[in-house]
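Please walk me through this protein model.

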Amino acid sequence: MPAAVGTVTDRVWTLQELSILHELHNPVAVVVYGLFDSSHSSSSLQESARVIFQNTSSVQQFGVPRSSTDHEIVLHSLSNEEQQLRRTWIFQIAQGKAVQQAEVEIYKLFGPLFSGIADDVLGCTARIESKPIRVQTLPGKTESAIMHVVDMEASNADRHIGNADKRFAAMMQHTPLHTFLFNKHGKLLVANDAAMEACLHSTAGLKVSEGQDVTLKTLFDLGSYPGGEEESQTEYEDAVQAIFHLQLERYCHTQAHHNPEKGGAMRWECIEMWPMQDPVDSSPAVLVKRYNVTQQKELELQLSCQQEALQKQNQVLEQDSADMQQERLRLELEAKALAQRLDAVMHDKFEHQSSGFDADTPIDKTLNFLHAFIAGERPPVQTAMDLYHILSESDTHLRNPVALETQLLADEGMDNEVGKSMLQLLQGSHRVPRDLARGVSKTASSGLITGLSRQGSLSSFIPANITPVIERWLKDAESNWQFDIFGFAEACSGASLSMLGFHLYKQAGMIRDFKLDEQKLCNWLQRIESGYDASNPYHNSIHATSVLQMAHMLLCHGGILKSKAVSRAQYMSSYWSAITHDYEHGGLNNDFLIKTASPLAILYNDQSPLENHHCAAAARLLFDPSCQYIQFAALTSETIMQVRNCCINQVLGTDMKKHFDITSRFQAAFKRPLANSLGSANRFESPEVDWDKIKPEDKTLAHQMLLKCADIGHLAVDPKTHKRWALQLEEEFFRQGDKEKGAGLAVSPLMDRTMKGGMTRSQMGFFNIVGIPLFKTMVELFEDAQPMLDGVLTNFRHWEAGTANV
């Protein structure tokens, strides 16, 4: 049980006698305290308290007594030091009989006892008289208590001084000049003298008494607003909203003032506000500072004028920049036109230096003639008559150059054997009599289809064989126009095609996107590679690898993918076509197969027998269960048809007999003749192409051109590699000539190894008639492929200068 406190007087008060204390104006409270632990050391005491009487003034100032639970909660909310001071003070009163007077902070004494202490006395210090008394609380029960009498008049005066000091101290932490403190209702709590003097000076003529009538709203009313009182009220409400509701860390309001003393000159003041708590009662308050910003405002106006001037200057500069940009574009167009004209001049130079070959087809000449009329020109009548005679001839090939045979064989600048070779390449030879064909068909068939089935030591799963060295080669193949194909083939030990094919399928995301079976894809690639005869000097798997790598460069770095000229399915198809385009090539050309009535020539009616076989045989492999890497059930019929059409058209398009037909159609679809270019199909401009609007058959031409360029892509590689390919092709031609001799046939032009020079003698003609025009036409539509054309022209100059060392 707690020990009683206060046992010093002999008189015993009754509760009725205490009621006379209601007449006092000062608050009186009688409290029975109990202290746990009866030792004489106050530090070990714990307090309990019970209010047994309070007069009316006490109820008004402090409210009703707290319950014992609330008393304990509030008591423990005080700091340990405050609790210790409180216990020591109570203990000292209980030990003596004399009345003790002390300056005590009201809340720290009465906060734990009463629940309704008024806001205006919270935190105030009061003079309190305390003395121990004895009170009869029940019949036969007397208790020791302490009577507290609060001197409110002394404490009120002290309170105002103490509260002001606290508020001034809080304000000084922010700024000492022109400072006010208002509560959330805009009532002035405190202001320093400088602030009040400035405010009273500003409100001259207004009724203001002792500063207390100055409110936060008063500060806003001091300004001159175009919208008058309504605008002033709006600005005030915005400030209150910002500080007390939005709780912004800082809010500024700038207002104008007319200064009568200076002839109505405009003066600007800033009302700067910060939210804070009233240090007296912790209620929301706002700290306000007013200061003159006229000079700052004038500077802002000057800066604003300067900013407007700079904006105008920027507009002028932007216009100048736009004019310069337009002029730059004009110059670029002129430069491009000059470059085209220079290319045309250089191309004419190449043509005139060799054979003066005219590559215009009848359709080209007709389109140029019509274009001249559309452009307002008057072509010569003789030109119209020439066109009439050309078109009326029954043997005219509309997509072949006019008088191709005559041009090639009658050109004084071209060796007769070279002319015959070019004619055979581009047009083909007539079939030999059937009796002769019967006599050589057996010989011919021996070199028709290799049907090889190489057995290697490599794992059937290609990724298992990719060493770090090969991985570096594959990385280089992704982005090098001058890729060392022979170095790569040597590193791959006869597996260059399957290695590069699998890598490109993988890195392009095709295995993922089309749900391809990786193991079966490896099987198919290795079967395809085994179908290339390694004994062929030219048409072997290394050639197929080279074509695949060049097709990849055109797709990914030549601008074809970027232009959206191919769909995702056609992208995959182009890789397939490059891989298979010479599958099971026997080292003999179509002319030989047709002349000898080979089974393939009979099967395909003399129409591109090799190309038809390459495509059909490679496609047939896809139906072998071990090679069926495409899950046809997972693809739509439209996708399957798109893939198959693309592959067939690309592979069949590699037949050089179709060269002029494809290039002529391509130029007609994607190029327009320039003005004043009558009679020459080489004067073209390439318009911007929206591939979404291009007809499917015209897109097919672009796909065919892609593989055609890749097929003779060795013209664009470094001179050393190109010359090696040229020599290997010459050797393959010589071998065909050997077979023709053995079969009793006339040896094809440039295929007789006993004659001086072979195929390499025709290189200048091939570059002029086929190579340069083909690559140039491609680059004019896909400008990013310019490195390919640069390589072609470099090799041409080597041949032209006689530095080919062949």
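## Strands and helices in a predicted model

Glu269 lies in strand β11, which covers residues 265-277. Strands here are DSSP runs of E with at least two residues, and helices are runs of H or I with at least four residues, both numbered from the N terminus. Glu269 has a relative accessibility of 8%, so Glu269 counts as buried. Buried means under 20% relative accessible area, exposed means over 50%, and partly exposed lies in between, using a 1.4 Å probe and protein chains only. The side chain of Glu269 makes a polar contact of 2.4 Å with the side chain of Arg267. A polar contact is a pair of N or O atoms within 3.5 Å; within protein, one atom must be able to donate a hydrogen and the other to accept it, and residues adjacent in sequence count only if both atoms are side-chain atoms.

This is a predicted model, in which local features need pLDDT of at least 70 and side-chain atom pairs count only at pLDDT 80 or more, while totals for chains, interfaces and linings use all residues. Residues are numbered from 1 along each chain as its sequence is written, and side-chain values use heavy atoms, with hydrogens and water left out.

### The chain as a whole

The protein chain has 32 helices and 14 strands. Of its 806 residues, 47% are buried. Take the contacts with a separation of 6 or more: 70% of them join residues 24 or more positions apart. Contact means heavy atoms within 4.5 Å.

### Strand pairs

Two strands pair if DSSP finds at least two bridges between them.

| Strands | Bridges | Opposite residues |
|---|---|---|
| β8 and β12 (residues 284-292) | five bridges | Thr179 and Lys289 |
| β11 and β12 | nine bridges | Trp274 and Leu287 |

Phe180 sits in β8. Its relative accessible area is 0%, so Phe180 is buried. Phe180 and Leu287 are 107 residues apart in sequence, but their C-alpha atoms are 5.9 Å apart in space.

Next come the hairpins. The hairpin of β6 and β7 has two residues between the strands, and Gly140 takes a positive phi near 80° there. In the hairpin of β8 and β9, with four residues between the strands, Gly186 takes a positive phi near 85°. The hairpin of β11 and β12 has six residues between the strands, and here Ser282 takes a positive phi near 60°.

Why is helix α17 largely enclosed by the rest of the structure? Six of the eight residues of α17 (residues 485-492) are buried, and therefore the helix is largely enclosed. The buried residues are Ile485, Phe486, Gly487, Phe488, Ala489 and Cys492. They pack against α16 (468-477), α18 (496-507), α21 (541-556) and α30 (719-742). Just after α17, Ser493 takes a positive phi of about 55°.

α17 and α18 pack at an angle of about 100°, with their axes 8 Å apart. That makes α17 roughly perpendicular to α18. Phe488, Ala489 and Cys492 of α17 make the contact with Ser496, Met499 and Leu500 of α18. Axes are lines fitted to C-alpha atoms, for helices over the stretch in contact, and angles run from 0 to 180 degrees between N-to-C directions. Angles under 35 degrees count as roughly parallel, over 145 as roughly antiparallel, 65 to 115 as roughly perpendicular, and the rest as oblique.

α18 and α21 pack at about 25°, with their axes 8 Å apart. That makes α18 roughly parallel to α21. The crossing is left-handed. A crossing is left-handed if the near helix is turned anticlockwise from the far one by less than a right angle, and right-handed if clockwise. Residues of α18 in this packing include Leu497 and Leu504, and those of α21 include Ile542 and Leu548.

Helix α23 (residues 568-580) and helix α27 (residues 637-652) have axes that come within 9 Å and cross at roughly 40°. That makes α23 oblique to α27. Their crossing is right-handed. Among the residues that meet are Met572 and Trp576 in α23, with Val643 and Cys647 among those in α27.
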